[in-house]
Amino acid sequence: MARIALITGGAQGIGHACAEALKEDGCEVVLWDVKEEVRDAAEALGGTGYVVDMGDPAAIASAFDAMEAEVGVASVLVNNAGIAVGADFLEMSEAQFRQVLDVNLVGVFLATQRAAKAMVREGIEGAIVNMSSINAQVAIPQIAGYCASKGGVMQLTKVASLALAPHNIRVNAVGPGSIDTAMMAAVNADPAAFDRAMSRTPLKRPGTAREIGDVVAFLASDKASYVTGETIYVDGGRLGLNYTV
Ligand SMILES: NC(=O)c1ccc[n+]([C@@H]2O[C@H](COP(=O)([O-])OP(=O)(O)OC[C@H]3O[C@@H](n4cnc5c(N)ncnc54)[C@H](O)[C@@H]3O)[C@@H](O)[C@H]2O)c1
């Protein structure tokens, strides 16, 4: 029987590329997204789409109920849905900060806990992969909530890996650098910002969504059977660069 892989934020971008890679690895994919388009995106991959707001705990709980009744229990969870809200640090509102934390960190905790409970109940030795970012390490003052959330995801990944190791459930994260998706649209539209980002990227190009999806699929597979609690940075060398000019 095919492993069921649940990917949040799967309607487009990195999440969709994760779904393509996991499908190629033989998984049945279930995509969740706040956008309606998720249904068609999932259908195109022979899977099932649900409209779910990962910032809404009640919506997450009822989506798990629906998925488990209609499709089954996921063996793979990719916590990919994420948002970035930009504002000057001195001006960022509490609401803006909380909005980002709710989706990028609280949503990851709730989905991880609920998916893991089902795996434990069913005796599934599953894998969870969280989408962090180089911003778990690299601080950018205009996106305080985003950086805090991604640092939180890195540490939540370690915590969950320890908590779930006795059940042989592995938990890892991927930390992308500059990846060519809608999230990078503002940078792509501004040549100076693009050149700045590339000057800090040793491989001198943005990554593709699929280059992230392939690492996620590796971490979800038995090839990574002794890897847990790790964040793998897929960033064209960005974190290794001691940028001083
Ligand atoms: N693109 C990059 O350069 C980059 C770099 C580092 C990390 N990331 C991370 O990768 C992940 C995917 O981003 P992307 O680049 O594909 O961006 P994207 O904006 O193209 O895709 C994000 C997806 O998440 C969905 N989403 C947003 N809020 C949601 C919510 N509340 N509930 C459910 N779904 C929601 C969106 O509708 C969208 O389909 C994010 O967690 C992001 O932080 C991206």
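A backbone N or O atom of Asn80 lies 2.7 Å from an oxygen atom of the ligand, where a polar contact is a pair of N or O atoms within 3.5 Å. The model is predicted, with local features needing pLDDT of at least 70 and side-chain atom pairs pLDDT 80 or more, while totals for chains, interfaces and linings use all residues. Residues are numbered from 1 along each chain as its sequence is written, and side-chain values use heavy atoms, without hydrogens and water.

A polar backbone atom of Ile179 is 2.9 Å from an oxygen atom of the ligand, and a backbone N or O atom of Val52 lies 3.4 Å from a ligand nitrogen atom. Of the 830 Å² of accessible area (Shrake-Rupley, 1.4 Å probe) that the ligand has on its own, the protein covers 92%.

The shell around the ligand holds 29 residues, the closest being Gln12, Asp33, Asn80, Tyr146 and Thr181; a residue is near if one of its heavy atoms lies within 4 Å. By class, the shell has 14 nonpolar, 11 polar and 4 charged residues, with Tyr and Cys counted as nonpolar and Gly as polar. Elements giving two or more residues to this shell are α1 (13–24) and α5 (144–164).

Overall, the protein has 8 helices and 7 strands, taken as DSSP runs of at least four residues (H or I) and at least two (E). The C-alpha trace spans about 55 × 35 × 35 Å along its principal axes.

Technical notes
Polar contact = N/O pair within 3.5 Å; in protein donor to acceptor, adjacent residues only side chain to side chain.
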